[in-house]
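Have the viewer open as you read.

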Amino acid sequence: MTENVFVISAAMIPFGKHRSSSYVGLGVSPLIDALQGAGIQKSDVDAVYVGHSYGGMMTGQRITKEIGLGTVPTVNVDNACSSGATAMHEAWTAINQGLIDVAVVIGVEKLTQFGGGALPLSPEDREVKQGLIMPAVYAMRATRYLYESEATVEDLARVSVKARRHGALNPFAQFRKEVTVEEVLAARPVADPLTLLMCCPTGDGAAVVVLASERARARLGAPNGMRVAASVLHSGQVEEGFRDMTKPEISYQSARDAYAQAGIGPEDLDMIELHDAFSIAELVYYEAFGLTEKHSAVALLRDGRTTFGGDVVVNPSGGLLAKGHPVGASGVAQIAEAFWQLTDQAGARQIEDARWALTHVTGGGTAGLDHGACTIHIFEAA
Amino acid sequence: MTPSTEVPVSAPIADLETDSLLGTFPEGPRLVGTECGQCGRTMIGTRVVCSSCVSREVSRVALPSTGVLYSFTRLHVGVEGVRPIGYIDLDDDVRTLADLREGDTPLQPGIPVVLGVEGDQWFFAPVAGE
Ligand SMILES: [Zn+2]
């Protein structure tokens, strides 16, 4: 017997360069606001799950102690860019299995501590020792995708243009200024064919959601929120030889399992928040999620079918490209966006009658793997 | 007293001592690979266990000096100037990341490439005349 799990509130700080804030300074406000939004007390919380990659020891406890939320288990989770969504998956599992009733999920990261540049990867990794950085991985994905398909470098720019247009509507986004295809192409080259405006920015952020079982939601008189229809976590599988970088199998497999768990298909989705760390990723993931066939993603983008008024709004928040990507915070921030959309609280970027949402983050940077981790959640308005 | 069972004492692997991907072989300088004696899988670098069949019967081999460029990028950040790097699919279906040298043949996916060595630096470059 498994329990239905609901997200009953969400809160976050706007992503950006918050140089005066520590991990604690980033995390405490959304924690308080999320508890308040759920209408619950700290004593109602059964467990806390915290996703971060660079916070150091006891990041979760350092945040929760500020409001005297202790005693209950606090679990710190690292899965690179999937850290926050992995924390969510662990919280969901505990409630779904009936072990606990109420969980707090925190995603938090402070990237300004590194002073800019590409994300620091594990110095133990073979390819990292050779000088590999994440922009190079996605750039090679892009080179191959452009070589195999009809897509052009202008399409890569169009992804950024759409992200910025959406981000302009989102008060939580790091970038709220629109850009043109020409501006994206003329930006400083990072790793060909990717320019700076095709790469997500460096920033800091924190997002918090509160989960509850159906009976706890009733007992506490909490908001209906949204139901977790699927929660899937996959790890990468090593490949010593040929790998098709335009078909990241970990995202294909996670999407397949998530649809099966939720009992819906891609045609049912009203919105998707996907891992657009670099603009090429968005095209590849349209295909991974079954929105279209392999190598045909650009048609959806060019025809406006993945923006407001289209079939499914992809990254209404502006995505990682515009909203920002403080690694461990991103997965939880995506869920916050889904929560606001499915509970009709998304303001200027509200998707009309949104019922089904999918959120997706990967976590990469390991030689021989497509990505180290992939997390997909599907939510239904409750 | 003699114990009735013996537990294995797992040993750490000294992987930090075998870091370099370039090795010296009878045929000359080549990238170092590891071949599995059980299933035949070849892997990049020095390994003590096969990632396919988990056999520890593995041996050090020279990887082919030729392959095909799968994809590449020219890096503009974190380097002096511009650094071309790419993934090479070697002729024995082992993929390696490598520095690339630009030649007369423009870099593009699918072109044949060959290993070059200068001192302890190694790279791949387009095969001349292709
Ligand atoms: Zn083997």
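## Domains and interface

UniProt, in an unreviewed entry, annotates residues 5–214 of chain A as "domain: Thiolase N-terminal". What you're looking at is a predicted model, and in it that stretch of chain A comes out as 37% helix and 20% strand, with its end C-alpha atoms 6 Å apart. Further along chain A, residues 243–365 carry the UniProt label "domain: Thiolase C-terminal", again from an unreviewed entry. Chain B gets a label too: UniProt lists residues 61–114 under "domain: ChsH2 C-terminal OB-fold" (unreviewed entry).

| Span | Helix | Strand | Distance between end C-alpha atoms |
|---|---|---|---|
| Residues 5–214 of chain A | 37% helix | 20% strand | 6 Å |
| Residues 243–365 of chain A | 41% helix | 11% strand | 15 Å |
| Residues 61–114 of chain B | 0% helix | 52% strand | 18 Å |

So much for the spans; what about confidence? The model scores ipTM 0.95 and pTM 0.97. For chain B, the mean pLDDT is 93, and 97% of its residues reach 70 or more.

Now for the place where the chains meet. On the chain A side, 28 residues are in contact with 31 residues of chain B. Together the two chains bury about 2500 Å², and 54% of that is on carbon and sulfur atoms. Three residues stand out: Gln130(A), Met140(A) and Glu240(A) supply 28% of the area that chain A buries against chain B, more than any other three residues.

How many salt bridges link chain A and chain B? The count is one. In that salt bridge, the side chain of Glu240(A) meets that of Arg47(B), at 2.9 Å from N to O. Glu240(A) is also one of the three residues named above for buried area.

Which elements of chain A give two or more residues to the side that touches chain B? They are helix H4 (126–129), helix H5 (134–148) and strand E5 (189–191). The largest share comes from H5(A), with seven residues. By residue type, the chain A side divides into twelve nonpolar, five polar and eleven charged residues.

Conventions:
Residues are numbered from 1 along each chain as its sequence is written. Chains are lettered from A and ligands numbered from 1 in the order in which they are written. This is a predicted model: local features need pLDDT of at least 70, side-chain atom pairs count only at pLDDT 80 or more; totals for chains, interfaces and linings use all residues. Side-chain values use heavy atoms; hydrogens and water are left out. UniProt positions are given in the numbering used here, feature names are shortened, and annotations may be inferred rather than shown by experiment. Helices (H or I, at least four residues) and strands (E, at least two) are DSSP runs, numbered from the N terminus. pLDDT is the predictor's confidence in each residue, from 0 to 100. Contact means heavy atoms within 4.5 Å. Buried area is the accessible area (1.4 Å probe) that two parts lose on being put together, summed over both. A salt bridge is a side-chain nitrogen of Lys or Arg within 4 Å of a carboxyl oxygen of Asp or Glu. Ala, Val, Leu, Ile, Met, Phe, Trp, Tyr, Cys and Pro count as nonpolar, Asp, Glu, Lys and Arg as charged, and the others, Gly among them, as polar.
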